[in-house]
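Biologist: I'd like to learn how to read a few features off a model. Can you walk me through this one?

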Amino acid sequence: MNLTMFRTKYVSLLFVSFFLVCGEKPVKPSKTDLYLGLEKTSYLTGKFNSPGPLAPVILEENGKDHFLRPEVKKALHQMVNDFEDSKPSSYKQHIFLVSSFRNFTHQKGIWESKFTGKKAMRIPIKGKTPEEIIGLILEFSSAPGTSRHHWGTDFDINALDNAYFEENGKGKILYDWLKQNAAKYGFCQPYSSLSTRNNKGYQEEKWHWSYAPISNQLTKEWVKGFESGEIQLTGSFLGADVLGNRALDYVRSINPDCEKIQNPSL
């Protein structure tokens, strides 16, 4: 190779390297990355076991095992650290996980314990029709195969009680900080007040947060899969036949602020 050819190739490689490091914008995960190497429908419906392709997350000593997607874990740790650095010194509450990834079988156990009356809900199910029972369950619990917790993008924090995050609640300062800052890290509260979601879907859950850059994509893929018949729920859990197409409203009825988050700014 002569000197001129060497210089030309060197300059070309230098330019490409500079572009890759400095000029490339964040890109959405490819379809393969989106499902972390798993079969699409299995991933969307939580039919895989943890940890699988998910990463363990530990936010407190002696806490139970939690698993999230690696990129969600990274963003969560950054958010937790920044909250600790910025919160008032007198404030003793920390961010910790109550629930994270749940597979299909785990969600089925939650659903069927409520459907059969083994787990109490807001009101007893005695004398109620399957449709009425499902209506009660859907106030706060997803049917197996439809839960955002199947994706490793969503988690519940601190207390499964809105009052904890409201006036006079221990989590009020934390919740106010999250409302102001969580989007910078890619997180949103998917189940905001019903009035922001055309009064459709689950009741408000101030404890439930989602990594929107990925969960937005997975929501769309789930809807497409259900509408095309790729995702089949019939016969897979008690009440599935009664639930029917109502599942679509509950998967789609998400806080519109989530869709505004494409990539974290931090």
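Modeller: Start with the secondary structure: this predicted model has 11 helices and six strands. Of its 266 residues, 46% count as buried.

Biologist: How many disulfides does a search of the whole structure find?

Modeller: The general idea is that a disulfide is a covalent bond between the sulfur atoms of two cysteines. Here the search turns up one. Cys-188 and Cys-258 form it, with their sulfur atoms 2.0 Å apart. The link is right-handed, with 100° about the S-S bond. It ties together distant parts of the chain, 70 residues apart: Cys-188 sits in strand S5 (residues 187–188) and Cys-258 in helix H11 (residues 256–259).

Biologist: Are Cys-188 and Cys-258 buried or exposed?

Modeller: Both Cys-188 and Cys-258 are buried.

Biologist: What about the backbone? Which peptide bond is cis?

Modeller: As a rule, most residues other than glycine have a negative phi, and most peptide bonds are trans. In this model, the bond from Ser-50 to Pro-51 is cis, with omega near 5°. Pro-51 lies in the loop between helix H3 (40–44) and strand S1 (55–56).

Biologist: And where is Asn-158 found?

Modeller: Asn-158 is in the loop between strand S4 (154–157) and helix H7 (172–181). Its phi is positive, about 65°, although it is not a glycine. Asn-158 counts as buried because its relative accessibility is 9%, under the 20% cut-off.

Modeller: Now look at Asn-199, in the loop between S5 and strand S6 (208–211). Asn-199 is not a glycine either, yet has a positive phi of about 55°. With a relative accessible area of 61%, Asn-199 is exposed.

Technical notes:
Residues numbered from 1 in each chain as written. Predicted model: local features only at pLDDT ≥ 70, side-chain atom pairs only at ≥ 80, totals over all residues. Heavy atoms only, no water. Disulfide = S-S within 2.5 Å. Helix = DSSP H or I, 4+ residues; strand = E, 2+ residues; numbered from the N terminus. Buried < 20%, exposed > 50% of the residue type's maximum accessible area, 1.4 Å probe, protein only.
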